[in-house]
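Colleague: I would like to learn how to read a model like this one, feature by feature. Could we go through it together?

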Amino acid sequence: VFDVSAGTTTFSEGDVTGYTPGNWSCSPVGEETGTTYDNGSVVLANGESTLCEITNDDDPAQFQLKKIIVSDDGGTAGVSDFGIVTSAGTPSWSCSTSGDTETCTSQVFDVSAGTTTFSEGDVTGYTPGNWSCSPVGEETGTTYDNGSVVLANGESTLCEITNNDDPATFQLRKIIVGGDAVVGDFGILTSAGLSITWDCSVDGTTTTCDSQIFEVSAGTTTFSEQDVLGYEEGSWSCSPVSATGTGFGSGSVALLNGESTLCQITNTVAVTDETAFAYGDDPTCFFEGGFSNWGWTNGDPSVTEPHPVATVLPGTHTWPVYAGAGGSCDPNDGEYVGEVTIVYDGTNVTATFVLDPTKASMGYQFNGDEALYAGTSQFPYKDEVNLTGDLTVSPGQYYVQTGLSGEAIYIIYHAVVQVPGG
């Protein structure tokens, strides 16, 4: 309690950051003449007394959130999908959209001085962002799931985070088996891009080509190729995300943001089964035996009593094999496809066919479909047991004659070769 002379007594205080300036009030008072915090005064007469007081309330800090969602790759997430929470309270959002970008701001929160926290979830298909605050006293946490800021009384800040949807990724693979076609012959197109760049490798008769990796928006990506003459049509397949369209001319796959897949198609050269026969020692065309089918029996028919004389003796015989000579029975009109090795040990006869390596590299194939006749008659008998009656050249009725004992024999070797491009 101050003793003061009658008259005016003055008093004031400073403005403290974070507190609202108060006003002076005096009671009881003779004449209160100044009330502002920095210019208080009262007039007192002799013997009067008064109490002058002022109140200051600390100011809350102010805090606001901003969420920016960029969906330029087909994403559909909205602000609620991110599950944003804050220690300031429950956000209510006001959003606007410009192009592919949605911007949402929360209400302004009044918060106590100290640390305010905020976080969001990790949404599949969107890249997690980092929090940033401005202006700010002390930003202490920036990761999407652990944001925080320290505010003093009266400070205010806006904390924001941006999430961009991830593109899907997509790649094509083309496999060509056999033949001489190249990837460009198939006219492959995709909605992923106008220009496809291929990286190809060759392993034997198989060419494998991979495209560049495309970044695509979420949704359906399409791809197709043309039907190339001489090749079997393939079907599209995709992995790990399965194709929704598999036809060679209408492939498609549906991808979510952030997903990736490889879509491929295989085309195998079309083949035609061609009959092939060995053209060996002293060959005679089937036509000369009165048959309508072509082929050769190998042995010398110059002596015909009681049967043409066989000339294939025990030993190893390696002969060329020709396909497609049916019109003339002339090997020059056919196609060399390999060679067969005949082993005759005097009792047993075996045949081993080897496809010509050059033909194999061109996509020719041999699947083991073959027939061998070995016997003392120029052509096989239909009656294999009794060796009498009608003769035949049908491969399904070929046999190796039993009871051979080193005599000269006839040999017919037949194979089926798959010729590409049929």
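Colleague: Let me start with a detail: where is Pro240 found?

Modeller: Keep in mind that this is a predicted model. Pro240 sits in the loop between strand S25 (237-239) and S26. The background is that most peptide bonds are trans. Here, a cis peptide bond joins Ser239 and Pro240, with omega about 10°.

Colleague: What is the peptide bond from Ser134 to Pro135, cis or trans?

Modeller: That bond is cis, with omega near -20°. Pro135 lies in the loop between strand S15 (132-134) and strand S16 (138-141).

Colleague: And how should I read the phi angles?

Modeller: Most residues other than glycine have a negative phi. Cys329 is not a glycine, yet its phi is positive, about 65°. Leu387 also is not a glycine and has a positive phi, about 55°.

Colleague: Is Cys329 buried or exposed?

Modeller: Cys329 is buried, with a relative accessible area of 8%, and its place is the loop between strand S31 (315-323) and strand S32 (335-344). Leu387 is partly exposed at 24%, in the loop between strand S35 (381-383) and strand S36 (388-391).

Colleague: Let's step back to the whole chain. What are its radius of gyration and its spans along the principal axes?

Modeller: A compact globule of 422 residues would have a radius of gyration near 22 Å, whereas this protein chain has 48 Å. The C-alpha trace spans about 170 × 35 × 30 Å along its principal axes. The chain contains one helix and 37 strands, and 39% of its 422 residues count as buried.

Colleague: Which residues touch the most other members of the largest nonpolar core?

Modeller: The general idea is that nonpolar side chains tend to be buried together in soluble globular proteins. In this model, the largest nonpolar core has 24 residues, and Phe170, Leu172, Phe223, Val253 and Cys263 touch the most other members. Strands S19 (168-177), S23 (214-216), S26 (251-255) and S27 (260-268) each supply at least two residues of this core. S19 gives the largest share, four residues. As for Val253, its contacts beyond four places in sequence include Phe170, Phe223, Cys238, Val241 and Cys263.

Colleague: How many residues are in the second core?

Modeller: That separate core has 23 residues, among them Val321, Ala323, Leu372 and Ala374.

Definitions and conventions:
Residues are numbered from 1 along each chain as its sequence is written. This is a predicted model: local features need pLDDT of at least 70, side-chain atom pairs count only at pLDDT 80 or more; totals for chains, interfaces and linings use all residues. Side-chain values use heavy atoms; hydrogens and water are left out. The radius of gyration is taken over C-alpha atoms; the globule rule is 2.2 Å times the number of residues to the power 0.38. Buried means under 20% relative accessible area, exposed over 50%, partly exposed in between (1.4 Å probe, protein chains only). A nonpolar core is a set of buried Ala, Val, Leu, Ile, Met, Phe, Trp, Tyr and Cys residues joined through side-chain atoms within 4.5 Å. Contact means heavy atoms within 4.5 Å.
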